[in-house]
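Please keep the sequence and the structure in view while reading.

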Amino acid sequence: MGAGRWGNPLLLLAALALVLGRHQQWPGFQDSESPKNVNATLTFLLENYNNNSNDSYLFGVDKLLRSQVQLTTGVEYLITMKISRTKCKRNSTKKHSCPIQTKKNLKKSFICDFLVYTLPWMNHYQLWNNSCLDV
């Protein structure tokens, strides 16, 4: 109420910060060059996202937009990716081979930023932060 033609100004500001943040490098982070560790991290992120989603379909990586890494006591990944609804239902047994949804009325995508702390040598992953915007 009273937000006028701009809608919710805080939501607008958050969306702007998320979009602008995609074009700059975070201090201390470098582009990631280890596909093996990034792939394991993406698997963790998708499992986490799908486990917390109320959608009746699973989501999958549509496009990896950015992957940065920072070494601390472990490895921190800052990952930006487009995730999209797949053709696989939640209870599907073929979760690793789910094609992206092509039916217009079922298509749904998000651009998501994830900050993950991992100890890859111990197979330990912890999601520290995430935010997603409807595409």
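Does Asp 55 count as buried or exposed? The model is a predicted one, in which local features need pLDDT of at least 70 and side-chain atom pairs count only at pLDDT 80 or more, whereas totals for chains, interfaces and linings use all residues. Residues are numbered from 1 along each chain as its sequence is written, and side-chain values use heavy atoms, with hydrogens and water left out.

Asp 55 counts as buried because its relative accessibility is 13%; buried means under 20% relative accessible area, exposed over 50%, and partly exposed in between, with a 1.4 Å probe and protein chains only. Asp 55 is found in the loop between helix 2 (35-52) and strand 2 (57-71). Helices (H or I, at least four residues) and strands (E, at least two) are DSSP runs, numbered from the N terminus. The side chain of Asp 55 reaches the backbone nitrogen of Tyr 57 at 2.8 Å. Once its neighbours within four places in sequence are left aside, Asp 55 is in contact (heavy atoms within 4.5 Å) with Arg 85, Arg 90 and Lys 108.

The nonpolar core comes next. A nonpolar core is a set of buried Ala, Val, Leu, Ile, Met, Phe, Trp, Tyr and Cys residues joined through side-chain atoms within 4.5 Å. The largest one here has 18 residues, and those with the most contacts inside it are Leu 45, Met 81 and Ile 83. Helix 2, strand 2, strand 3 (75-89) and strand 4 each supply at least two residues of this core. Its largest share, 6 residues, comes from helix 2. With neighbours within four places in sequence set aside, Leu 45 is in contact with Ile 79, Met 81, Phe 114, Val 116 and Leu 127.

How many aromatic pairs does the structure hold? There are 5. Rings of Phe, Tyr and Trp (its six-membered ring) pair if their centres lie within 6.5 Å; planes under 30 degrees apart count as stacked, over 60 as edge-to-face and the rest as tilted. The pair of Phe 59 and Phe 110 is tilted, because the ring centres are 5.7 Å apart and the planes stand at 45°. This pair links distant parts of the chain, with Phe 59 in strand 2 and Phe 110 in strand 4 (residues 109-119), 51 residues apart. Both Phe 59 and Phe 110 are buried. A stacked aromatic pair is formed by Tyr 117 and Trp 128, at 5.0 Å centre to centre and with 5° between the planes. Tyr 117 lies in strand 4 and Trp 128 in strand 5 (residues 124-134), so this pair ties together parts that are 11 residues apart in sequence. Tyr 117 is buried, with a relative accessible area of 11%, whereas Trp 128 counts as partly exposed at 43% relative accessibility. Ring pairs also link Tyr 49, Phe 59 and Phe 110 into a cluster.

A search of the whole structure finds 2 disulfides, a disulfide being a pair of cysteine sulfur atoms within 2.5 Å. One joins Cys 88 to Cys 98, with an S to S distance of 2.1 Å. The torsion about the S-S bond of Cys 88 and Cys 98 is about -105°, so this disulfide is left-handed. Cys 88 lies in strand 3 and Cys 98 in the loop between strand 3 and strand 4, 10 residues apart. Cys 88 and Cys 98 are both buried.

Cys 112 and Cys 132 also form a disulfide, their sulfur atoms 2.1 Å apart. Here the disulfide is right-handed because the torsion about the S-S bond of Cys 112 and Cys 132 is about 115°. Since Cys 112 lies in strand 4 and Cys 132 in strand 5, the pair ties together parts that are 20 residues apart in sequence. Cys 112 counts as buried at 0% relative accessibility, while Cys 132 is partly exposed, with a relative accessible area of 27%. With the bonded cysteines of the protein chain numbered in sequence order, the pairing is 1-2, 3-4.

At 39% relative accessibility, Thr 72 counts as partly exposed. The side chains of Thr 72 and Glu 76 are joined by a polar contact of 3.3 Å. A polar contact is a pair of N or O atoms within 3.5 Å; within protein, one must be able to donate a hydrogen and the other to accept it, and residues adjacent in sequence count only if both atoms are side-chain atoms.
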